[in-house]
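Colleague: Could you take a close look at one part of this model, the contact between the two protein chains? Please set out what forms it.

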2 protein chains.
Amino acid sequence: MVEAQHMHEGSEARRTGSGETLLYLTDEQLRQGAEAMFFAYRGFTADPDRILAGLSYGRAHHRALHFIHAAPGTTVNNLLNILGVTKQSLNRVLRTLIEDGLVESRVGRVDKRERHLFLTDAGGTLERELSDAQRARMRSAYKQAGPEAVAGFRRVLEAMMDPEMQRQYRRLMEGRG
Amino acid sequence: MVEAQHMHEGSEARRTGSGETLLYLTDEQLRQGAEAMFFAYRGFTADPDRILAGLSYGRAHHRALHFIHAAPGTTVNNLLNILGVTKQSLNRVLRTLIEDGLVESRVGRVDKRERHLFLTDAGGTLERELSDAQRARMRSAYKQAGPEAVAGFRRVLEAMMDPEMQRQYRRLMEGRG
DNA sequence: TTGGAATGTCAACAAGGCTGACTTAAACTG
DNA sequence: CAGTTTAAGTCAGCCTTGTTGACATTCCAA
């Protein structure tokens, strides 16, 4: 049920005869949403970035560590698709992580062309440090906003993804509850 | 009121005797939120990026155009704070925009050290083209998710910002409805 | 056995961040 | 008025992280 007290200030909804909900979204409301995304993403990355600045790593290293943690044993190609970068770009990051002993690359058993990626103990430790920093902010934001807001947050974000990314995202959600 | 059907799958809320709502947020739920942010931000920037790729501009030019549009007459220093980059970095972008006749820089009347920035007609046209592309996706996401979700989306994003960015954001919201 | 797929590597380049040093002009302040 | 601070711009150099293109290797599968 769409009720006034649940609606964003300024947005309007109306039920048609057929029961379909129409939304009147002004350009201004959408603009504000875009700005919110911009500022929030800055906050989202700020804490891990601060940690990484000390080490000689960047945000790209964090992303690699994150998704290797999320899907241990993933192949390079799979990681490429998730991250949406070229293999040359990923390779540069991956190479330093392997050299520094944070990531282990194992030749595939069934297909020996493939490399399966795992975090070493040291890699797991850094990954945890980075995500702890990121999660602290998210936890605080979730608590401030409340569970209804969080559900809406997730719904809008999912609807904003490219269809291919949405598939990747849902695949990652499976098998993790 | 917190009711089960409004809650995100897997999140739990409980009312204490004092009426305070407690949230039990697992690391896993927060991780999923982080991944949603990552994938959604990619989608968020994808459409304007495609347009900019043709021209010799990048995302940084888009951001400058966006905020000059949002706050016409803003000074360079103010824009610096909003974008969170160094003046050297902004200057490189701003210089090309001014040279190409998309942005006009006027010497301040009251303080002649300041430069006030405005979009030219051409600048306004490009800005509109870029935000139209971005807004189309946001409009679609907002419609899919519904007004309650949008309100929650905005609440979580705002709570995720650095306090200083939150101030900038709210200041921008004022005087625009 | 040959074609194609997966991976890795080299080179070159561009965008867009950063720091540091310095100039100019204007404004403020003692 | 002299000295300091502020706003803006510039130059030089560096780093990360993205890109393309070319090419080698390895291995699977038809």
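Modeller: In this predicted model, chain B and chain A bury about 7200 Å² between them, 67% of it on carbon and sulfur atoms; buried area is the accessible area (1.4 Å probe) that two parts lose on being put together, summed over both. On the side of chain B, Arg31(B), Phe39(B) and Met160(B) lose the most area to chain A, together 10% of what that side buries. The contact (heavy atoms within 4.5 Å) takes 72 residues from chain A and 70 residues from chain B.

Eight salt bridges are found across the interface of chain B and chain A, each a side-chain nitrogen of Lys or Arg within 4 Å of a carboxyl oxygen of Asp or Glu. One of them joins Arg137(B) to Asp162(A), with the closest N and O atoms 2.8 Å apart.

The elements of chain B that each supply at least two residues to the side touching chain A are α1 (27-54), α2 (59-70), α3, α5 (121-145), α6 (147-160) and α7 (163-173); helices are DSSP runs (H or I, at least four residues), numbered from the N terminus. The largest share, 19 residues, comes from α1(B). By class, this side of chain B has 38 nonpolar, 16 polar and 16 charged residues, where Ala, Val, Leu, Ile, Met, Phe, Trp, Tyr, Cys and Pro count as nonpolar, Asp, Glu, Lys and Arg as charged, and the others, Gly among them, as polar.

Residues are numbered from 1 along each chain as its sequence is written, and chains are lettered from A and ligands numbered from 1 in the order in which they are written. Local features need pLDDT of at least 70, side-chain atom pairs count only at pLDDT 80 or more, and totals for chains, interfaces and linings use all residues, while side-chain values use heavy atoms, with hydrogens and water left out.
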